Amino acid sequence: MAIIVVWSSPNKNGLTAAAKDRVITGIKNAGFEAEEIHLNQMKMEHCKACGKGWGICRTKGECIINDDFAAAYEKLVQADGIVIVSAVYWHDITECMKAFLDRLRRCETAHNKYLAGKRCLLVACAGGTGLGAVECLHSMEETLKHMSMRAYDRLPVIRYNEGYMLPTLEKAGETYAVRLAEGFDMQY
């Protein structure tokens with residue numbers, strides 16, 4: 001079983017990276033594979049809203065932009081589970097994550113539906129005051145709903161709770177992997 005961990009933060013040694021690492025450790029502790037996609041290290045453009053707002057994403061489920069999007073998308077399609085970890089900027093996901101999810105949503109919602117029913121683990125990491133982590137998680141989940149994906153859990157990590165949340169993320173990653181393997185279902 002393979003779980004893809006998509007994460008976004010320019011800081012490879014910060015809170016978001018630590019959160020991602022702990023989730024991956026938990027997944028591996030459960031005996032499963034985890035592969036990370038670090039969006040900040042990829043060439044990923046924003047949606048061009050081509051074709052008067054809908055391009056071939058609507059008719060073919062593909063994007064015309066030639067960058068790393070298609071490869072990352074294919075990894076999500078093949079994955080058994082998806083973890084999304086984002087730093088929080090202005091009470092929302094990072095710009096890299098937003099660009100990726102916007103393009104993903106266009107291909108999925110209008111045509112493909114390859115990710116429909118996939119269960120995801122969501123993590124938002126806020127520095128500073130920590131405000132915005134819950135709003136960020138809400139934004140992630142609303143985006144998933146457009147694609148008929150499901151949030152298994154939503155975990156806010158802030159600098160004031162990292163002492164107990166980082167170990168919790170390890171256990172959350174482990175539990176998530178085990179539940180995926182067991183075929184758990186979630187009802188909305």
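A salt bridge is taken here as a side-chain nitrogen of Lys or Arg lying within 4 Å of a carboxyl oxygen of Asp or Glu. In this predicted model, Lys20, Asp21 and Glu36 are linked in a network of such salt bridges, and the count by this rule comes to 11 salt bridges. The architecture of the chain is described before individual pairs are considered.

The chain has six helices and five strands, and along the sequence these elements follow the pattern β-α-β-α-α-β-α-β-α-β-α. The radius of gyration is 16 Å, close to the 16 Å given by the globule rule for 188 residues, so the chain is as compact as a globular protein of that length. Along its principal axes, the C-alpha trace spans about 50 × 40 × 30 Å. Of the 188 residues in the chain, 48% are buried, while the accessible surface comes to about 9,000 Å², with carbon and sulfur atoms contributing 50% of that area. Among contacts with a separation of 6 or more, 80% are accounted for by residues 24 or more positions apart.

The five strands form an open sheet with parallel pairing, in the order β2-β1-β3-β4-β5. Strands β2 (33–38) and β5 (150–158) are the edge strands, each pairing on one side only, and the twist from one strand to the next averages 15°. In general, the strands of a sheet pair through backbone hydrogen bonds, in either a parallel or an antiparallel manner. Within this sheet, strand β1 (residues 2–8) runs parallel to strand β3 (residues 81–87) and is joined to β3 by six bridges; Ile4 stands opposite Ile82 in β3. Helix α4 (residues 95–112) lies across both β1 and β3, and runs at about 130° to β1.

Asp67 forms a salt bridge with Arg103, with the closest N and O atoms 2.7 Å apart.

Asp102 is partly exposed, its relative accessible area being 22%.

A further salt bridge is formed by Lys145 with Glu142, the closest N and O atoms of the pair being 3.3 Å apart. Because Lys145 and Glu142 are three residues apart in helix α5 (residues 133–146), about one helical turn separates them. Lys145 is partly exposed, with a relative accessible area of 40%, and Glu142 is likewise partly exposed, with a relative accessible area of 30%.

Notes
Residues numbered from 1 in each chain as written. Predicted model: local features only at pLDDT ≥ 70, side-chain atom pairs only at ≥ 80, totals over all residues. Heavy atoms only, no water. Pairing = 2+ DSSP bridges. Helix = DSSP H or I, 4+ residues; strand = E, 2+ residues; numbered from the N terminus. Axes fitted to C-alpha atoms, helices over the stretch in contact; angles between N-to-C directions. Contact = heavy atoms within 4.5 Å. Rg over C-alpha atoms; globule rule 2.2 N^0.38 Å. Buried < 20%, exposed > 50% of the residue type's maximum accessible area, 1.4 Å probe, protein only. Areas by Shrake-Rupley, 256 points an atom, 1.4 Å probe, with all protein chains shown as cover.
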